[in-house]
Amino acid sequence: MGIQMTTANDDDAPLTQTTSPKKRFRFRRLAVGIAILVTIGVAAGGYWLMFMRGRVRTDDARIAGLLVDVAPEVAGQLMAVHVSAGDHVTAGQPLFDLDDRIARANVDRAKAAVATAEAGVELARDQLEDALKGPRKHKIAAARADVNRLAAEVALAKTKLERTERLFAKQATVQVELDRAKAGYEAKKQAAESARQSLALLEQGARSEQIDAARTAVKVAEARLGEARASLALASVRLSQTKVAAPRDGVVVRRWSDPGAAAMPGRAVVTLFDPATVRVDANIEEQDLGEVKVGDKVDISIDAYPDVHLSGQVAEILWATNSQFSLIPAEGVSGTFIKVAQRVPLRISLSSPPADVMLAPGLSVEVVIHSHTANAAPSETAMTRAPAP
């Protein structure tokens, strides 16, 4: 049997039984490659349909929650710290104490100032009452008695002066004694005149300008009393601020200072974490933003606990990308531009956080968001403004 000859080239020869084994092998290899590519494409498409479609994944996520830095409101030396890292505390439980000696001294001084101001108010009110009702009878009687007493003393001083003058004329006494007698007589006369004027004023009663002055004195005294009481209240608050308690339930995650250190307002001594506020903060790329709505279901896996899988839902979509808060602005200033995919922050609430797993802030997690699984209406799943943490 001979081989059938054709006029065409070997590469263009039909695949018949007369084709060479080399050509048949090349055809089969090409067919197998195409089949493999088709199989891979079908498998990839099936995997995308089953596992990737309608899902937004990100590993740029971590456990978060409410962290509270507890700092004193007044400066002072740290005398005692009652908690350590890892301790569970309840609201109102003492955390640390400052030196309160200066604060106590300020309270005592403020109390004394209040007592003085109260006495000043009572005195001013009594004077106003006297001005309104007129002097009491016993005061007038006492003033008359003073006038009579001083009149008798004036008469006695005059008699002494006359006797001293006669003795001086006879050169029986010295000039000093005569001058002393004259000075005593003049002093008694002035005292008696002053007493008579006071008696006249008492018998006449207070004038309108005196009443107005008394009323003004009462207002001034009451204002001083209010100022003193405000100073006492402020000093009491400053004293209470030397003992700092937990503002809420939580866990002490950091103790920053020890007894003996100088505590300053605004500088934390301990930091608390409230496990009841645990959540997941995640970031997705901007091209996935349209696939995510508030209320979408989320699957969560924690890097620290591979066997623990949590579920939750999208609670908030923040209204700004992370780049808006970076120290280096994303906008180019040299005329060049490189487009970088922006990341949008989300907050994810946990459906049932496990009680036996320590979900510490900062732990890395991976999340899978199931798109279009929110139960709320579209108008209710719009992006919400994020409240302050």
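A residue counts as buried under 20% relative accessible area, as exposed over 50%, and as partly exposed in between. Glu177, at 36% relative accessibility, is therefore partly exposed. The structure described here is a predicted model. Its strands include β1, which pairs in the antiparallel sense with β12 and also runs antiparallel to β8. A separate topic is the open sheet of 4 strands, ordered β5-β4-β2-β7. The side-chain contacts comprise 17 salt bridges and 0 aromatic pairs.

**Strand pairing around β1 and β12**

- Strand β1 covers residues 55-70 and strand β12 covers residues 364-370; 6 bridges connect the two in the antiparallel sense.
- Two positions illustrate this pairing: Thr58 is opposite Val367 of β12, and Ala61 has Val365 of β12 as its bridge partner.
- Strand β8, residues 270-285, is joined to β1 by 9 bridges, and the two run antiparallel.
- Within that pairing, Leu272 in β8 is the bridge partner of Val68.
- Strand β12 also pairs with strand β9 (residues 297-302), again in the antiparallel sense, over 5 bridges.
- Asp299 stands opposite Val368 of β12.
- Of the 7 residues of β12, 5 are buried, so that the strand is mostly covered.

**The open sheet**

- The order of the 4 strands is β5-β4-β2-β7, and their pairing is antiparallel.
- The edge positions are taken by β5 (243-245) and β7 (262-263); each has a single partner strand, so one side of each has no neighbour in the sheet.
- Strand β2 (residues 76-81) and strand β4 (residues 94-98) run antiparallel and are joined by 3 bridges.
- Val81 has Phe96 in β4 as its bridge partner.

**Salt bridges**

- The count of salt bridges in the model is 17.
- Glu177 and Arg180 form one of them, with an N to O distance of 2.8 Å.
- Both residues belong to helix α4 (residues 175-204), where they are 3 residues apart, about one turn of the helix.
- Arg180 has 47% relative accessibility and therefore counts as partly exposed, as does Glu177 at 36%.
- Arg104 and Asp100 form another salt bridge, in which the closest N and O atoms are 2.9 Å apart.
- The two partners fall into separate accessibility classes: Asp100 is at 16% and so counts as buried, whereas Arg104 is at 44% and so counts as partly exposed.
- The side chains of Arg255 and Asp258 also form a salt bridge, at 3.0 Å from N to O.
- Arg255, with 27% relative accessibility, counts as partly exposed, and Asp258, with 45%, is likewise partly exposed.
- A network of salt bridges links Asp60, Arg62, Glu285 and Arg343.

**Aromatic rings and charge**

- A pair of aromatic rings is described by the distance of the centres and the angle of the planes.
- The number of aromatic pairs counted in this model is 0.
- A contact between a charge and a ring is present at Trp256: Arg254 lies over the face of this residue, 4.8 Å from the ring centre.

**Nonpolar surface patch**

- Leu30, Ile34, Val38 and Val42 make up a nonpolar patch on the surface, and together they have about 380 Å² of accessible area.
- Val38 is located in helix α1, which covers residues 21-52.
- The relative accessibility of Val38 is 48%, so this residue counts as partly exposed.

**Backbone geometry at His372**

- Most residues other than glycine have a negative phi.
- His372 has a phi near 60 degrees, which is a positive value in a residue other than glycine.
- This residue, His372, is in the segment after β12.
- The relative accessible area of His372 is 59%, and the residue is therefore exposed.

Note on methods:
Residues are numbered from 1 along each chain as its sequence is written. This is a predicted model: local features need pLDDT of at least 70, side-chain atom pairs count only at pLDDT 80 or more; totals for chains, interfaces and linings use all residues. Side-chain values use heavy atoms; hydrogens and water are left out. Rings of Phe, Tyr and Trp (its six-membered ring) pair if their centres lie within 6.5 Å; planes under 30 degrees apart count as stacked, over 60 as edge-to-face and the rest as tilted. A charge sits over a ring if NZ of Lys or CZ of Arg is within 6 Å of the ring centre and within 35 degrees of the ring normal. Two strands pair if DSSP finds at least two bridges between them. Patches are made of residues with over 30% relative accessible area and no salt bridge: like charges are joined within 9 Å, nonpolar side chains (Val, Leu, Ile, Met, Phe, Trp, Tyr) within 5 Å. Accessible areas come from the Shrake-Rupley method with a 1.4 Å probe; for residues, only the protein chains shown count as cover. A salt bridge is a side-chain nitrogen of Lys or Arg within 4 Å of a carboxyl oxygen of Asp or Glu. Buried means under 20% relative accessible area, exposed over 50%, partly exposed in between (1.4 Å probe, protein chains only).
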